[in-house]
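Morning, everyone. I'll take a few minutes on the ligand site and then on the pockets.

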Amino acid sequence: MLSISNLEVVYDDVILVLRGISLDVPDGSIVALLGANGAGKTTLLRSITGLLDLHEGEITKGRITLDGEPIQKLPASRIVHRGIKQVMEGRRVFAEFTVEENLRVGAHTAKRGSTAASLDRVYGLFPALRDRRRQAAGYLSGGEQQMLAMGRALMSDPRCLLLDEPSLGLAPLLVQQIRDLIVEINAQGTTVLLVEQNANMALSIAAQGYIMETGKIVMDKPSSELLDDEDVREFYLGLREGSDAKSFREVKHYKRRKRWLS
Ligand SMILES: Nc1ncnc2c1ncn2[C@@H]1O[C@H](COP(=O)(O)OP(=O)(O)O)[C@@H](O)[C@H]1O
Ligand SMILES: [Mg+2]
């Protein structure tokens, strides 16, 4: 459904941050995009949703297609109309607006269905938001604000939801809740591209995982294989003590050197 090939992105005309990225998000799937801070994950999402301009960024090579049609030249509003919606990093809600007002803002781009039906669906997914619908969003907890940000995106009934680190800064129990909600949203028919630093969480629900480092995809495999991969376990899942490698590639390099020395 969503396909990215050989994408290159530059900020401020000179800073090359994405280099030859290729990634596929099949219809109905959950795909995980993992990577450390600064790898370029948010930049990739901005490229898809047409928000690079806002940040002095530009696509200098490559293609982004939705159902085979190129979308990378479309303005952000048209991309939303095509059914792709991004939930920004850091749960941006309108703090002074009530919960329900925040949700209604999300409905303004909806092209099908009524706002009432969308509200019902969102409140069904997030009962805590219904309970607080008249409260100012600024008073919600971090987890509730993340749910509100996701709920707002769902108000336009997108085909494909791009989530930028939804678990960031949340306690383990809330991370689990968010994970279950993503599964439920997907089960209701929404395709999901999930950007996460929490590799465990993301790989536990995604079919396919991509690992990004300094603007490149360094690995791309079914989640089950990534979870079994020794290097991934060591560097991204923190399942072995004592490694001070700063990057995945470095881990590989150490391993090769160790093999060579022994
Ligand atoms: N507006 C911008 N102008 C210049 N450089 C940027 C801008 N936004 C991000 N960057 C740089 O691009 C790289 C990738 O950033 P980002 O996409 O935010 O990574 P991630 O989301 O994986 O943490 C980083 O080195 C970051 O400093
Ligand atoms: Mg980011």
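Which backbone N or O atom lies 3.2 Å from a nitrogen atom of ligand 1? It belongs to His55. Keep in mind that this is a predicted model.

The side chain of Lys41 has an N or O atom 2.7 Å from an oxygen atom of the ligand, and for the side chain of Thr43 the distance to a ligand oxygen is 2.5 Å. Taken on its own, ligand 1 has 560 Å² of accessible area, and the protein covers 68% of that.

Now the shell. Ligand 1 is surrounded by 14 residues, with Gly38, Gly40, Lys41, Thr42 and Thr43 the closest. Helix H1, residues 41-49, and strand E2, residues 15-25, each supply at least two shell residues. H1 has the largest share, 4 residues. By type, the shell has 6 polar, 5 nonpolar and 3 charged residues.

On to the pockets. The largest holds about 480 Å³ of space. Its lining comprises 19 residues, and nearest the centre are Val80, Lys85, Gln86, Met88 and Arg152. That lining splits into 10 nonpolar, 6 polar and 3 charged residues.

Of its 14 lining residues, Leu52, Asp53, Ile59, Gln72 and Lys73 lie nearest the centre. H1 and strand E4, residues 57-66, each give two or more residues to this lining. E4 gives the most, 3 residues.

Conventions: Residues numbered from 1 in each chain as written. Chains lettered and ligands numbered in written order. Predicted model: local features only at pLDDT ≥ 70, side-chain atom pairs only at ≥ 80, totals over all residues. Heavy atoms only, no water. Near = heavy atom within 4 Å. Polar contact = N/O pair within 3.5 Å; in protein donor to acceptor, adjacent residues only side chain to side chain. Areas by Shrake-Rupley, 256 points an atom, 1.4 Å probe, with all protein chains shown as cover. Nonpolar A, V, L, I, M, F, W, Y, C, P; charged D, E, K, R; others polar. 1 Å grid on protein atoms, 1.4 Å probe; cavity = no way out; pocket = protein on both sides within 12 Å on 5 of 7 lines; lining within 4 Å. Points joined across faces, edges and corners; volume = space filled by probe spheres on them.
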